[in-house]
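Please consider the structure before reading on.

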Amino acid sequence: MSGHAAIKTVTIDPVDAPFALTLHDVAPDKSISHRAAMFALLSDHPSRIRNFLLGEDTLNTLRIVEQLGATVVRDDGEITVVPPETLREPDDVLDCGNAGTGMRLFCGLLSGIEGSFVLTGDRYLRGRPMNRVVAPLRSVGARIDGRESGNLAPLHIRGGSLKAFVYESPINSAQVKSALILAALRGSGVSRYRELSLSRDHTERMLRGMGADIRTAEDGWIEIVPMAAPLEPLDIAIPADPSSGFFFAVAAAIVPGSEVTIRNVSLNPARIEAYRILEQMGARLEYIEYESRYEPVGDIHIAYAGKLQAVEVSENIAWLIDELPALAIAMAVAEGRSTVRNAAELRVKESDRIASVLQGLNQVGIETEEFPDGYAVIGGSMHAATVDSYGDHRVAMSFSVAGLMCGMEVSDTACVDTSFPNFYSLLGQITKVHL
Ligand code: S3P
């Protein structure tokens, strides 16, 4: 495994008392951190990024930004990205590590830049489908090749001029949308993009904040006008990641008498749908917005309010796709049979999350049913087991939270560093964690 330092097994003790926590230091948002580092390259002035996620995935992106000629100045929690006058053709491969977002967005960004670029990643990323960005990018003139006719990394991009396009995406993916928007910024005319239902929109918000002419119409069509000149630099404080915070939301919702406040977190509606589901299951939720710059930001308070009830999840899947593993733990202790449908995308995440989550649930004594596009979870009572993360950070953290109820050993947890390096230290405020 190239990215993660070592395979680590972690043991979590069951909680012996309710907890009340205020979390000021949930990991900064991964999606926004990737984009902030990359988009800084679209300006000719330095971008200031406070609270950049120092996780493996986003540090890989930052390293690639440097390989492309930027200078990165680090000062504690703040980084400044000084873009080069023109992007440099790197003299080595660009390693995205475990990050699908990194690889797919760089495909879009680099396709329109003169030069030769090779994108690679760890063994998990090299097995994930890239055709979803490669095919539409090729159709607008990008020259990309790779294993399996360009579906698998390493990918070789020979950047050059791109055409304007009109593209209706068959999948709701912010990564695909972002790759195409980045390509459109270098296109020969105005491009239009639409997805079936809105995926997370950080790219549109941030690029608009940098002065790009990107308009989203009522009917969902996004119009992208190519950049006539470099964009304004970013000046951004990255909020906490709602997907990371969600592990603690589930913890509070399942441990009787507990509550947690996640401070300074993105309240972007396309990111907090899983919290709404938790509310539907019976937890008590409060959202306090206090700022809106590129994104609405505030606190989320979650409190236990009785045994959770089963829920059916089949809509707005793109808005909660990353939270489904943790939500499966809430479903496992809920009263009744919960279902997740229309979520076939789970199969091509950092692991096949339908397989890895169900495998773990079965090991802890929870009955499940598997569908091609989701699963059913029959609520019951979990028991301690040794669960494999399959190298997937969100699976590792979900079963660690399950450990609060019954104790757990989770193996292969080094992957947690990709998105939430201080996860176990925060979990250690609730129970004993043996690293
Ligand atoms: C992300 C988009 C989502 C999400 C991933 C991050 C992003 O993937 O699962 O963790 O930053 O754009 P898809 O857009 O492929 O659904």
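Predicted model: local features only at pLDDT ≥ 70, side-chain atom pairs only at ≥ 80, totals over all residues.

The questions below concern a sheet with its helices, and then aromatic rings.

Q: Which are the edge strands of the open sheet?
A: Four strands form this open sheet with mixed pairing, in the order β18-β19-β21-β20. An edge strand pairs on one side only. The edge strands are therefore β18 (312-313) and β20 (367-371).

Q: What is the bridge partner of V340 in β21?
A: Strand β19 (residues 337-340) and strand β21 (residues 374-378) run antiparallel and are joined by four bridges. In β21, V340 has as its bridge partner Y375.

Q: What angle does the direction of helix α11 make with that of β20?
A: Helix α11 (residues 353-363) packs on the sheet and touches β20 and β21. Its direction relative to that of β20 makes an angle of about 165°.

Q: How many residues apart in sequence are the parts that the pair of F248 and F420 ties together?
A: The two rings lie 6.1 Å apart, centre to centre, with 70° between the planes, and form an edge-to-face pair. F248 belongs to helix α8 (residues 242-254), while F420 is in the loop between β23 (408-411) and α13 (423-427). The pair therefore ties together parts whose separation in sequence is 172 residues.

Q: Is F248 buried or exposed?
A: Buried requires under 20% relative accessible area. The relative accessibility of F248 is 0%, so F248 counts as buried.

Q: Why is the pair of F423 and Y424 edge-to-face?
A: The ring centres of F423 and Y424 are 4.8 Å apart, and the planes stand at 75°. Because planes over 60 degrees apart fall in this class, the pair is edge-to-face.

Note on methods. Residues numbered from 1 in each chain as written. Heavy atoms only, no water. Pairing = 2+ DSSP bridges. Helix = DSSP H or I, 4+ residues; strand = E, 2+ residues; numbered from the N terminus. Contact = heavy atoms within 4.5 Å. Axes fitted to C-alpha atoms, helices over the stretch in contact; angles between N-to-C directions. Phe/Tyr/Trp six-rings, centres within 6.5 Å; stacked < 30°, edge-to-face > 60°. Buried < 20%, exposed > 50% of the residue type's maximum accessible area, 1.4 Å probe, protein only.
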